[in-house]
Amino acid sequence: MIGAAAKKQHIVVINTGCANISSVKFALERLGVNVTVSDDLAIIAKADKVFLPGVGSANAAMSSIAQKQLSPCIQSLTQPVLGVCLGMQLMVSESEERVHQGQNNNIAENTPCLNLIPGKVKRMQVGDLRLPHMGWNTITTEDNSTLFKGIPNGTYFYFVHSFAVDVYEHTLASCEYGNPFSASLHKDNFFGVQFHPERSGSAGAALLENFISL
């Protein structure tokens, strides 16, 4: 359970303009915390905890973030930040989701991301399995992270994605669908989860509680 002091925190969900913000907001409110959805730089900067949700394509999300001039603010945050689904992917250096340029859209390059955590998002290689990877799958934590406190290996979380980050030095938890990939990332004050905690039942609620209690 979240303590009384934690419930008094100022929790901000960044309004990137391209996210399923309502479901994240409602999941947090069910835990008894006060949540503000905002793209106001001053409000985000003063938050105790920050959520960076995202759905859709990396290119569209980064375009919206740039239009709202959010990148420098997000990159300067020193409080705990949790990226959710596409939000986690936006935390790394670049994504293979392409930026199409030119009259015939025949020139493509990777999408630059926020570069909060070194790494690259790649299209998943899953053999004969279907993409997107959609549904419940188990995770394996890589260390005794407080983000996964009380959440045992083999716990199911809900995923919806076709791109992922390989397992590497900043992987906090891994999952496998055709090949292993990062289910969670961490560097400094930046955390990310590829799955949807707001759609993952009691396990997702436990993870959100852990993050709020950091």
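Charged pairs and their surroundings

Guide: D188 is exposed, with a relative accessible area of 54%. Exposed means over 50%, buried means under 20%, and partly exposed lies in between (1.4 Å probe, protein chains only). This is a predicted model, where local features need pLDDT of at least 70, side-chain atom pairs count only at pLDDT 80 or more, and totals for chains, interfaces and linings use all residues. Residues are numbered from 1 along each chain as its sequence is written, and side-chain values use heavy atoms, leaving out hydrogens and water.

D188 has a partner. K187 forms a salt bridge with it, and their closest N and O atoms are 2.9 Å apart. A salt bridge here is a side-chain nitrogen of Lys or Arg within 4 Å of a carboxyl oxygen of Asp or Glu. K187 itself is partly exposed, at 25% relative accessible area.

The structure holds five salt bridges. Another of them joins K68 and D39, at 2.6 Å from N to O. This pair links distant parts of the chain, 29 residues apart. K68 sits in the loop between helix 4 (58-67) and helix 5 (71-76), and D39 in the loop between strand 2 (35-38) and helix 3 (41-45). Helices (H or I, at least four residues) and strands (E, at least two) are DSSP runs, numbered from the N terminus. K68 is partly exposed at 26%, and D39 is partly exposed at 32%.

D166 and K122 also meet in a salt bridge, 3.0 Å from N to O. D166 lies in the loop between strand 11 (163-165) and strand 12 (171-177), and K122 lies in strand 7 (residues 120-123), so the pair ties together parts 44 residues apart in sequence. D166 is partly exposed at 37%. K122 is partly exposed at 32%.

Now take a charged residue without such a partner. E97 lies in strand 5 (residues 94-101). E97 is buried yet has no salt bridge. Its nearest side chain of opposite charge, R123, is 7.2 Å away. In this count, Lys and Arg are positive, Asp and Glu are negative, and His and the chain ends are left out. What does E97 touch, beyond residues up to four places away in sequence? The list includes G56, S57, A58, L86, E109 and F163. Contact means heavy atoms within 4.5 Å.

L90 lies in the loop between helix 6 (86-89) and strand 5. L90 is buried, at 1% relative accessible area. Beyond its neighbours within four places in sequence, its contacts include A58, A61, M62 and L114. L90 and P112 are 22 residues apart in sequence, and 8.6 Å apart from C-alpha to C-alpha.

An open sheet of eight strands runs in the order 2-1-3-4-14-13-12-9, with mixed pairing. Strand 2 and strand 9 (140-141) are the edges, each pairing on one side only. Two strands pair if DSSP finds at least two bridges between them. Strand 1 (residues 11-14) and strand 3 (residues 49-54) run parallel, joined by three bridges.

Finally, look at helix 2 (residues 21-29). Its residues I21, V24, A27 and L28 are buried. They cover an arc of only 135° around the axis, which puts them on the same side of helix 2. That arc is taken from the directions from the helix axis to the C-beta atoms. Strand 1, strand 2, strand 3 and helix 7 are among what covers the buried residues of helix 2.
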